[in-house]
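Colleague: I would like to go through this entry feature by feature. Please give the general idea each time, then the case at hand.

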Amino acid sequence: MILNVKQIIIYISIDTTILAGTVIMSGTPSGVGLFCQPQTFMTAGDEVEVEIDTIGVLRNKMVFN
């Protein structure tokens, strides 16, 4: 990660009020999969899943327009 969690929260909170329960998602820049061995890319239909104990699961299917 380029920024640590504390730096991300500071940066976001400059222009946004972070309410209790807010989920901050981070990721890698586009194209990073090009440098993986084997090369890996998100494709249409792939699912990204995040689970938080006692809250539940957030699951999103990738759709590209």
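Modeller: Start with surface: accessible areas come from the Shrake-Rupley method with a 1.4 Å probe, and for residues only the protein chains shown count as cover. Here the protein exposes about 6,100 Å², of which carbon and sulfur atoms supply 59%. This is a predicted model, in which local features need pLDDT of at least 70 and side-chain atom pairs count only at pLDDT 80 or more, while totals for chains, interfaces and linings use all residues. Residues are numbered from 1 along each chain as its sequence is written, and side-chain values use heavy atoms, with hydrogens and water left out.

Colleague: What percentage of the residues count as buried?

Modeller: Buried means under 20% relative accessible area, exposed over 50%, partly exposed in between (1.4 Å probe, protein chains only). Of the 65 residues, 3% count as buried.

Colleague: Which pattern does the protein follow along the sequence?

Modeller: Helices (H or I, at least four residues) and strands (E, at least two) are DSSP runs, numbered from the N terminus. The pattern is α-β-β. The protein is more spread out than a compact globule, because its radius of gyration is 15 Å, well over the 11 Å that the globule rule gives for 65 residues. That radius is taken over C-alpha atoms, and the rule is 2.2 Å times the number of residues to the power 0.38.

Colleague: In what sense do β1 and β2 pair?

Modeller: Two strands pair if DSSP finds at least two bridges between them. Strands β1 (residues 47-52) and β2 (residues 56-61) are antiparallel, with six bridges. Val50 has Leu58 in β2 as its bridge partner. Three residues lie between the strands of this hairpin, and Thr54 has a positive phi near 70°.
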